[in-house]
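Student: I would like to go through this model with you step by step. Could we begin with its overall fold and then turn to how its parts pack?

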Amino acid sequence: MNSKILKTETQDLHDKIEEVMNSQLLFSNQFTLDHYQNLILKSYNYIAGILPKVSSDWPEFKIILEQKLSALYSDLKHLSIIINNLSPVVINNTNRHYKLGLIYIVLGAMLGNKMILKKLHEYQTFKGFPFVYLSQHQEDLSKIWKEFQTLINGLEEIELQKVIQGARDGYLLFGK
Ligand code: HEM
């Protein structure tokens with residue numbers, strides 16, 4: 001199945017991004033405000049950068065991406081981070097399926113967000129934090145993910161290769 005191939009062909013970069021996001025510290029109760037801030041900033045730079053480039057090719061994902069961005073605005077505001085100082089990622093590739101790979105990163109990350117959120121709720125440091133970005137879409141996530149996987153499973157081989165390329169670049173851009 002294409003969705004399995006997409007996962008395995010990008011697994012190495014998922015492992016790397018988990019490391020970059022200090023996953024080990026998170027699960028050993030050593031995650032700090034700086035680490036959380038880094039997660040929110042990187043998510044903002046990624047989604048703010050891809051949104052204007054992917055939404056006309058994939059209008060069905062435009063609303064979710066806009067909602068994610070607006071959730072990030074709320075978290076940034078809570079963290080008192082000034083948006084003007086941020087630097088959204090730059091996308092140059094115009095291939096439609098490459099862009100679907102960029103979207104995969106955002107939708108897939110929502111699966112991990114559930115686990116991250118659960119862990120952060122155990123921390124005293126983050127008591128009262130709104131976690132708008134991490135908690136958004138958790139109820140309809142399985143529906144969103146199933147529909148996305150159906151879309152991926154219906155692709156031709158050549159299209160899938162473009163998605164994989166976009167996803168791999170997406171992980172690298174996210175981690176920058
Ligand atoms: C502390 C950091 C992270 C943890 C602990 C984590 C954990 C996870 C877990 C447990 C899953 C699988 C969930 C399932 O199959 O039900 C997953 C999937 C995924 N995560 Fe992460 N994640 C982290 C960070 C990220 C980041 C920063 C990104 C994007 C830049 C990301 C992108 C993805 C993608 C695309 C998938 C879907 C893989 C697939 O099934 O095709 N993750 N993550």
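Student: What pattern does the chain follow when read along the sequence?

Tutor: This is a predicted model, in which local features need pLDDT of at least 70 and side-chain atom pairs count only at pLDDT 80 or more, while totals for chains, interfaces and linings use all residues. Residues are numbered from 1 along each chain as its sequence is written. Helices (DSSP runs of H or I, at least four residues) and strands (E, at least two) are numbered from the N terminus, and the chain comes to eight helices and zero strands. Read along the sequence, the pattern is therefore α-α-α-α-α-α-α-α.

Student: What radius of gyration does the chain have?

Tutor: The C-alpha atoms fill a box of roughly 50 × 35 × 30 Å along the principal axes. The radius of gyration is taken over C-alpha atoms, and the globule rule is 2.2 Å times the number of residues to the power 0.38. For 176 residues a compact globule would have a value near 16 Å, and the chain agrees with this, having 16 Å.

Student: How is α5 oriented relative to α8?

Tutor: Two packed helices are described by the angle between their axes and the distance between the axes. Axes are lines fitted to C-alpha atoms, for helices over the stretch in contact, with angles from 0 to 180 degrees between N-to-C directions. Helix α5 (residues 96-120) and helix α8 (residues 157-175) pack at about 45°, with their axes 6 Å apart. Because angles under 35 degrees count as roughly parallel, over 145 as roughly antiparallel, 65 to 115 as roughly perpendicular and the rest as oblique, α5 is oblique to α8.

Student: How is α1 oriented relative to α8?

Tutor: The axes of α1 and α8 are 10 Å apart, and the helices pack at an angle of about 10°. That angle makes α1, relative to α8, roughly parallel.

Student: Which residues of α8 meet α1?

Tutor: Residues are in contact if their C-beta atoms, placed from the backbone, lie within 7 Å. From α1 come Asn2, Ile5, Leu6, Glu9, Thr10, Leu13, His14, Ile17 and Val20. Their partners in α8 are Leu160, Val163, Ile164, Ala167, Arg168, Tyr171, Phe174 and Gly175.

Student: How many residues of the contact of α3 with α5 are charged?

Tutor: Ile47, Ile50, Lys53 and Val54 in α3 meet Lys99, Leu102, Ile103 and Val106 in α5. Ala, Val, Leu, Ile, Met, Phe, Trp, Tyr, Cys and Pro count as nonpolar, Asp, Glu, Lys and Arg as charged, and the others, Gly among them, as polar. The contact of α3 with α5 thus divides, by these classes, into six nonpolar, no polar and, for the charged ones, two.

Student: Which element gives the most to the shell around the ligand?

Tutor: A residue is near a molecule if its C-beta atom, placed from the backbone, lies within 6 Å of it. The ligand is surrounded by 18 residues, the closest being Lys7, Ser23, Gly108, Leu111 and Gly112. Two or more residues each come from α1 (2-20), α2 (23-27), α5 and α8. With eight residues, the element that gives the most is α5.

Terms used:
Contact = placed C-beta atoms within 7 Å.
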